[in-house]
Amino acid sequence: MLASKREVPFFNYPHVYKQYKEEIDKAINDVCNRGAFILQNDLEEFEKNLANYSGAKYAIGVANGTDALIIANRAAGIGEGDEVIFSSHTYIATAASIYFAGGVPVPVECKADHMIDHEAVKKAITSKTKAIMPTQLNGRTSDMDALAKIAKENGLLIIEDAAQGLGAKFNDKQAGTFGLAGTISFYPAKTLGSFGDGGAILTSDEEIYEEMLLLRDHGRNSDGLVVAWGLNSRLDNLQAAILNLKLKHYDNDVKRRREIASIYQSNLENISELLLPPAPGSEENYFDVFQNYEIEATNRDELKPFLRENGIGAIIQWAGKTVHQFKDLNFNINLPYTEQMIKKSLLIPMNTSLTDEDVLYVCEKINSFYNN
Ligand SMILES: *Cc1c(COP(=O)(O)O)cnc(C)c1O
């Protein structure tokens, strides 16, 4: 029997608060009553817990995931004319962070799992290349052994854009901990979402850690003396307190995301017009956290409005263009695989507010679209 029509929005913003409302209300009250707003204990505690969780030696809370990338690039010494290779299938912030550090963003192709294409990375290396910046997209990591090998052979740094990757693992090591530094975003719709903008940088290198602490707070050292040019990019103490309590539930949230991915897998895998992301548990080396559930769909441009008519929110990300396709940025290159992929790419609902019935309803509608 067909399920009756229901609304399945792509993302449920109020849920970011409601899921843990009571605990969050208490934390907000507590922070506000203490007047503990900037660089206070809650931030320090969150940084410790985040470092512990990820396996990095240090975590630094910053204003957002984009600043996290800019600060990481600056601290890593990316500067004037330095080329940094990244996958064009990413958020503009990846490339912008290279640009704002003074470097040259070099976009390359992705692979069928939507991670950076290692062969394309190799081909893009020049005498000016300084770093590789893989985007750990959709809550999955690239094959980091293969990437580390390329970096090592060519004397390059790895700086991870793990904005979408908190908790994702490759060979039991977490996204954000493979290179010199890795960055996380706490944008509300991210897997660990704050109530506004927020971000963090992970590193196990003490020297770069000290440098990044200066960069996020006006270049001031612990005595308040300015010893470098810096930014105002601190993670609000209030956001840190909220994130700290959400981090305690994070493994549960990830578990739920993987359950949803499994439901999609078993109900959509027989549709020949779709390419699904790798199923949870299907690969030994990978543990994906499913920030997004990105499919490639034949007739995507008809499927999306069909889902909309049936109450389902699906999203074409990056306005349907990968980074090198934004004409005004003047990349003037072609990346044929990526350009074909993005025409079929569609994000279907993936978040912890979804019930099994919601997910099954989405599957039923997609099946009916393809006459399955
Ligand atoms: C969200 C995101 C960012 C930027 O994070 P903000 O916190 O929004 O600044 C960077 N890269 C990727 C891949 C992202 O998804």
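Helix 3 and helix 9 cross in a left-handed sense; here the near helix is turned anticlockwise from the far one by less than a right angle, while clockwise would be right-handed. This is a predicted model, in which local features need pLDDT of at least 70, side-chain atom pairs count only at pLDDT 80 or more, and totals for chains, interfaces and linings use all residues. Residues are numbered from 1 along each chain as its sequence is written, and side-chain values use heavy atoms, with hydrogens and water left out. Helices are DSSP runs (H or I, at least four residues), numbered from the N terminus.

**Helix 3 and helix 9**

- Helix 3 spans residues 41-54 and helix 9 spans residues 237-248.
- They pack at an angle of about 35 degrees, with axes 8 Å apart. Axes are lines fitted to C-alpha atoms over the stretch in contact, and angles run from 0 to 180 degrees between N-to-C directions.
- Contact means heavy atoms within 4.5 Å.
- Ala, Val, Leu, Ile, Met, Phe, Trp, Tyr, Cys and Pro count as nonpolar, Asp, Glu, Lys and Arg as charged, and the others, Gly among them, as polar.

**Helix 10 and helix 13**

- Helix 10 (residues 250-268) packs on helix 13 (residues 356-369) at about 30 degrees, with the axes 10 Å apart.
- That angle makes the two helices roughly parallel (under 35 degrees; over 145 is roughly antiparallel, 65 to 115 roughly perpendicular, and the rest oblique).
- Their crossing is right-handed.
- Among the residues that meet are Ile260, Ile263 and Tyr264 in helix 10, and Val359, Cys363 and Ile366 in helix 13.
- The contact divides into nine nonpolar, two polar and two charged residues.

**Helix 4 and helix 8**

- The axes of helix 4 (residues 65-75) and helix 8 (residues 206-216) come within 9 Å and cross at roughly 130 degrees.
- Helix 4 and helix 8 are therefore oblique to each other.
- The crossing is right-handed.
- Ile71, Ala72, Arg74 and Ala75 of helix 4 touch Ile208, Glu211, Met212, Leu215 and Arg216 of helix 8.
- Six nonpolar and three charged residues make up this contact, with no polar ones.

**Around the ligand**

- There are 14 residues around the ligand, and Gly65, Thr66, Asp161, Ser185 and Lys190 come nearest. A residue is near if one of its heavy atoms lies within 4 Å.
- A polar side-chain atom of Thr66 is 2.6 Å from a ligand oxygen atom.
- For Ser185, a side-chain N or O atom is 2.7 Å from an oxygen atom of the ligand.
- Lys190 has a polar side-chain atom 3.1 Å from an oxygen atom of the ligand.

Definitions and conventions. Polar contact = N/O pair within 3.5 Å; in protein donor to acceptor, adjacent residues only side chain to side chain.
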